[in-house]
Amino acid sequence: MSNTVPVPHGLPMERNAGPFDPPREITRLREARPVSPLVFPDGHEGWLVTGYDAVRQLLADTRFSSRQDIGVLHLPYETPGMPVMTEPSPQVPGLFVAMDPPDHTRLRRKLTGAFTVKRMKQLEERISDIAERQLDEMARLTPPVDLVKEFALPVPSLVICELLGVPYEDRDNFQVNTVKFMAKDVTLDEKMAAYGAMSAFLAELVTGKRATPGEDILSDLARDEDLTIEELTGIAFLLLLAGHETTANMLGLGTFALLEHPEQLAELRANPDLMPGAVEELMRYLAVGDIFYRYATEDIELGGETIGKGSTVLISLLAANRDPERFENPDTLDLHRKARGHLSFGHGIHQCLGQQLARIEMRAGFDGLLRRFPTLELAIPADEVKLKTDMNLYGVHELPVTWTETAR
């Protein structure tokens with residue numbers, strides 16, 4: 001392996017290879033050195049991991065910590081659901097995504113029953129009903145309309161609100177504050193103010209559920225006296241954030257990708273049985289949650305390199321999903337591909353808890369949208385679509401679409 005590859009100063013972020021592809025520099029780094037040294041803007045030296053095998057190995061190795069309270073992380077690049085921290089930060093109760101075992105194990109175990117494959121399958125019909133109702137609303141509008149506002153955001157928001165027991169009429173509170181929390185270009189004070197507003201709202205909600213529980217996931221958790229109100233609040237924040245933002249971005253960006261690949265779209269319309277595999281391929285191809293971090297708690301060998309104890313390590317899931325060592329012709333969207341094994345839901349102990357829910361929502365969402373709007377197309381040129389390069393989850397801010405007819 002060549003060691004003459006230039007060491008990047010700062011993570012290459014510009015989507016210069018197209019709206020669906022990794023930055024060209026990240027692709028070059030993966031080809032030359034899948035575990036690459038990286039110099040952060042403050043001069044701190046860390047690592048960038050882009051190869052599929054190395055990313056998978058790293059995510060399975062708990063010596064790479066997810067905690068933010070054990071060292072200076074030097075993170076000018078935020079990871080989904082977490083604010084920038086340039087110094088050790090106390091752990092937030094309940095946010096098990098930023099915990100290691102045994103704390104992570106204790107909290108995640110409380111939730112495994114809520115997100116079993118069996119329980120999620122029982123929700124399929126309800127989720128389809130929610131998607132169809134939203135499509136009814138969209139069909140009544142005069143095009144062009146913004147698909148994000150009218151469909152991609154409401155569907156997962158309605159689903160997660162119903163599952164968790166969050167009043168949907170309070171969605172403006174969490175949707176507005178989620179945008180502030182996930183934005184890159186706001187100050188840490190603004191970000192933490194948004195987090196504080198959401199936490200205050202959720203603390204009041206879970207306190208009420210502990211007093212008078214209902215039939216929802218947060219009520220089930222609130223019945224567990226082992227969990228404090230602070231932990232319940234943190235868990236509620238994490239589930240609400242992850243439960244609507246990721247799927248909303250996939251529905252918006254995935255529709256954009258399908259419209260830009262008309263042959264694939266036509267095949268999917270003609271053969272709806274392709275939908276489960278198509279969802280996996282779209283997840284692989286797009287990976288809306290791309291950059292994550294870990295912190296090496298000891299010297300660790302990875303991909304022929306030695307990651308020194310105390311090093312901050314950034315991971316690109318999108319680059320790993322596009323690794324030709326794992327997927328043939330990886331930069332091609334191929335809805336016939338067997339894309340299982342992609343890393344968009346992560347891997348190891350932090351693999352996405354709600355992945356089955358997300359799959360069901362995407363299948364119902366894409367299936368309903370393509371069936372009900374057979375002439376759906378972009379209402380603006382593709383290069384005018386506003387991309388979420390300013391956010392920590394990738395997607396589209398808006399997707400203006402139009403159609404000439406709808407089907408029942």
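Let's start with Arg371, which is partly exposed, with a relative accessible area of 36%. Keep in mind that this is a predicted model. Arg371 pairs up with Asp367 in a salt bridge, one of 24 that a search of the whole structure finds.

**Arg371 and Asp367**
- The side chains of these two residues meet with an N to O distance of 3.4 Å.
- Both sit in helix α15, four residues apart, so about one helical turn separates Arg371 from Asp367.
- Asp367 has 29% relative accessibility, so it counts as partly exposed, and Arg371 is also in the partly exposed class at 36%.

**A network of charges**
- Some salt bridges share partners, and in that way Arg106, Lys110, Asp224, Asp226 and Glu231 are joined into one network.
- As a bit of background, side chains of opposite charge can pair when their charged atoms come close.

**Arg140 and Glu137**
- Here's another salt bridge: the side chains of Arg140 and Glu137 meet at 3.1 Å, N to O.
- Arg140 counts as exposed because its relative accessibility is 61%, and the cut-off for that class is over 50%.
- Glu137 comes in at 42% relative accessibility, so it counts as partly exposed.

**Glu281 and Arg337**
- Glu281 makes a salt bridge with Arg337, and their closest N and O atoms are 3.1 Å apart.
- Where do Glu281 and Arg337 lie? Glu281 is in helix α13, while Arg337 is in the loop between α14 (317–321) and α15 (355–372), so the pair ties together parts that are 56 residues apart in sequence.
- Are Glu281 and Arg337 buried or exposed? Both Glu281 and Arg337 are buried.

**How α11 packs with α13**
- Helix α13, where Glu281 lies, spans residues 275–286 and packs with helix α11, residues 229–259.
- The angle between the two is about 95°, and their axes are 11 Å apart.
- That angle makes α11 roughly perpendicular to α13, because angles of 65 to 115 degrees fall in that class.
- On the α11 side, the residues that meet α13 are Met250, Leu253, Gly254, Ala257 and Leu258.
- On the α13 side, Leu282, Met283 and Leu286 meet α11.
- What classes of residue make up the contact of α11 with α13? There are seven nonpolar residues, one polar residue and no charged ones.

Definitions and conventions:
Residues numbered from 1 in each chain as written. Predicted model: local features only at pLDDT ≥ 70, side-chain atom pairs only at ≥ 80, totals over all residues. Heavy atoms only, no water. Axes fitted to C-alpha atoms, helices over the stretch in contact; angles between N-to-C directions. Parallel < 35°, antiparallel > 145°, perpendicular 65-115°, else oblique. Contact = heavy atoms within 4.5 Å. Nonpolar A, V, L, I, M, F, W, Y, C, P; charged D, E, K, R; others polar. Salt bridge = Lys/Arg side-chain N within 4 Å of Asp/Glu carboxyl O. Buried < 20%, exposed > 50% of the residue type's maximum accessible area, 1.4 Å probe, protein only.
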